[in-house]
Each structure stands twice: as structure tokens, then as C-alpha cells.
Amino acid sequence: MKTFNLRHLRIFETIASCSSFSRAAEQLGMSQPAVSMQVRQLESDLGVVLFEPPQRQRLTDAGQDLLLHARVILAQSRAAEEAMAVYEAEATGGARGARGLLHLGVVSTAHYFAPRLLHEFHRLHPDVRLKLTVAKRNEVLSMLQEHRLDLAISGYPPSEADVEAASFARHPHCIVAPPDHPLARRKRLSWNDLRDEHFIFRESGSATRQFFEHLLQSQSIQVRIGMELAGNETIKQAVMCGMGISFLSAHSFQVELAAGLMVVLDVVDMPKHIDWCFVQRRDTVLTGVNAAFRQFVFEQGAALAACKVG
């Protein structure tokens with residue numbers, strides 16, 4: 001078997017991630033025939049078929065195995081390039097600082113403050129290239145474990161996930177209502193005051209839904225599920241037009257709260273908090289730009305992620 005090169009692996013990994021030769025060619029800035037030729041060369045060097053014929057859109061077993069290794073190799077290659085770039089800049093008289101690509105994955109609710117984090121980090125490290133991926137928690141964790149992401153911001157991951165997490169900020173949740181709701185003017189509401197209200201729930205499987213259900217269970221109460229909607233933005237619209245009240249992350253309604261389009265109900269022992277976590281793979285020692293971002297998050301992340309709760 002011949003030694004394969006990083007260029008072949010990058011092309012192969014891009015095709016596998018895009019599930020399309022044509023889309024991969026566009027992303028790589030190459031022609032589709034050139035991409036196909038590189039893959040055929042890689043298959044010839046390895047002596048295996050990587051994509052199932054005839055459409056060649058699905059990976060063979062050999063292709064799936066290679067993809068796992070390719071992502072690890074490419075991630076380590078990027079880390080080495082970034083580490084050497086620092087010394088190169090110093091040797092040529094440039095400032096010594098983080099360089100390279102920072103690919104951060106965040107769960108959907110974190111996208112309300114993640115751009116602010118990246119903006120402030122980029123001000124300190126202008127030579128860093130930024131990429132932000134927003135997805136559901138299980139997707140973010142999967143991408144992290146498969147080396148398609150470098151770092152992530154999420155709630156605590158499942159205990160069985162092959163990642164480690166450390167909290168850096170508090171994540172408040174409140175019960176919100178339209179400004180003209182009868183409970184909006186009342187103080188020190190109890191949970192009994194909420195029993196007959198129509199609650200708008202997040203979709204099953206969301207971290208907010210799980211947190212709220214755990215809260216209800218700990219309070220030994222039930223509330224009326226008026227409807228179930230997917231996503232914070234849809235729920236906010238439903239609340240603002242008077243379809244019910246909801247339990248939401250405080251990050252998600254800062255604009256509506258400031259504009260007077262939504263209010264936080266004054267419920268005893270609220271808001272409730274969980275943690276925002278910095279998540280990385282257990283088997284990876286962070287270096288270069290990733291290590292710099294981790295330090296930045298633990299030094300400034302709590303302040304940049306802070307939000308009003310009423």
C-alpha cells in the first residue's frame with residue numbers, strides 16, 4: 001500500500017461530509033472531474049473501494065473506517081500547522097499570538113451569545129479564522145466526537161459521551177408571558193397559580209424541555225400542555241400573540257424583553273439555572289488557537305454570556 005497524502009484525505013473527508021462529489025468540488029474550489037480523479041488515485045493507492053458504485057454517494061465499510069482515521073489525522077495536522085504558525089510569525093517579526101482556524105459548535109440556544117464570544121476573541125487574535133456551527137445537542141456532540149468540530153459549547157453532555165465538559169457560566173431560565181397577561185402584574189406567584197395556564201412546550205428531546213420536565217417533577221406538580229412547538233423563535237411568537245406562557249432560556253428573549261413585547265413572570269424561586277459548559281474530546285490536548293479560546297472562555301465567557309432575567 002502506498003503512503004497517502006493529506007491532500008487526498010482532505011478531498012475524501014470533504015466528499016464524505018457533503019455526501020456529494022459535486023458539492024465537495026464547489027467547497028474545495030475544484031472541478032468535479034478533478035475531485036473524482038483524486039479519489040480514484042486514493043483508492044488505487046490503498047487498494048480498496050471507498051464509495052459504493054454505481055452512484056458513489058455512500059461510503060463502503062472501508063470508506064467509513066478510513067473516514068474515522070482521516071478526521072483524526074486532519075485534526076492533528078491542523079493543530080501542528082497552527083502551532084508552527086506561531087513560531088513562523090515570531091521568526092519573521094510578527095506578533096506571537098493564536099493563528100489558524102477555530103471551528104466552534106454550539107447548541108441552538110447558545111447562538112444568542114456565541115457570536116459575541118467569537119467577536120471579542122477575534123479582537124484579541126485577529127489572525128484567527130472563525131467558523132461557527134449551530135445544531136442540536138446530540139448533533140454537536142456527534143460532530144465533536146467525530147473530529148468534525150474542534151470545540152463546543154453546550155449543557156452537560158451525557159455521561160457516556162467520550163467528551164469532557166467544564167462549566168464557565170450560568171444559564172438562567174424563566175417563565176414568560178405576553179405583557180397583557182393577567183399574571184404579568186402579580187408578584188410572588190406560586191406554582192399553584194400556574195396550574196391552569198396553557199403552557200407552550202419545546203419539542204421532545206430539547207434540553208429546555210428536559211429541564212422543565214425535571215423541574216415540574218421536583219415540584220410534584222403538573223401543568224397543562226397547550227401546545228408543543230419546535231424552537232425558541234416559534235415559541236416566542238406564540239407567546240407574544242397570546243397563545244400561552246412558556247419556560248424559556250433567558251438568552252432567547254432579550255430583544256423581546258427590552259422592546260416590551262414579552263415579560264418574565266414573578267414566580268417564587270425563579271429563575272432556574274443550569275450551566276453552560278465548554279466541551280472538548282477526552283483524547284485531545286488543546287494547543288494553539290483552541291487552547292487560547294479555552295482560556296478566553298474561562299476568563300471572559302461568564303461576563304459575555306450574561307443576560308437579564310426580568
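1. Of the 310 residues in the chain, 46% count as buried. The model is a predicted one. The C-alpha atoms occupy a box of roughly 75 × 55 × 35 Å along the principal axes.

2. The secondary structure of the chain consists of ten helices and nine strands. Among contacts with a separation of 6 or more, 72% are between residues 24 or more positions apart.

3. Surface and charge can be taken together. The chain has an accessible surface of about 15,900 Å², and carbon and sulfur atoms contribute 50% of that area. Positive and negative side chains number 33 each; the centres of the two sets are 3 Å apart.

4. On helix packing, the pair to look at is helix 2 (residues 21–28) and helix 3 (residues 32–46), whose axes come within 9 Å and cross at roughly 105 degrees. Helix 2 is therefore roughly perpendicular to helix 3, since angles of 65 to 115 degrees are classed that way. On the helix 2 side the contacts involve Phe21, Ser22, Ala25 and Leu28; on the helix 3 side they involve Gln32, Val35, Ser36 and Val39.

5. Leu216 belongs to helix 7, which covers residues 207–219. Leu216 counts as buried because its relative accessibility is 8%, and the cut-off for buried is under 20%.

6. Which residues does Leu216 touch, not counting those up to four places away in sequence? They are Trp191, Phe201, Ile221 and Val223. Trp191 is 25 residues from Leu216 along the chain, and the C-alpha atoms of the two are separated by 9.2 Å.

How values were computed
Residues numbered from 1 in each chain as written. Predicted model: local features only at pLDDT ≥ 70, side-chain atom pairs only at ≥ 80, totals over all residues. Heavy atoms only, no water. Helix = DSSP H or I, 4+ residues; strand = E, 2+ residues; numbered from the N terminus. Buried < 20%, exposed > 50% of the residue type's maximum accessible area, 1.4 Å probe, protein only. Contact = heavy atoms within 4.5 Å. Areas by Shrake-Rupley, 256 points an atom, 1.4 Å probe, with all protein chains shown as cover. Lys, Arg positive; Asp, Glu negative; His and termini not counted. Charge placed at Lys NZ, Arg CZ, Asp CG, Glu CD. Axes fitted to C-alpha atoms, helices over the stretch in contact; angles between N-to-C directions. Parallel < 35°, antiparallel > 145°, perpendicular 65-115°, else oblique.
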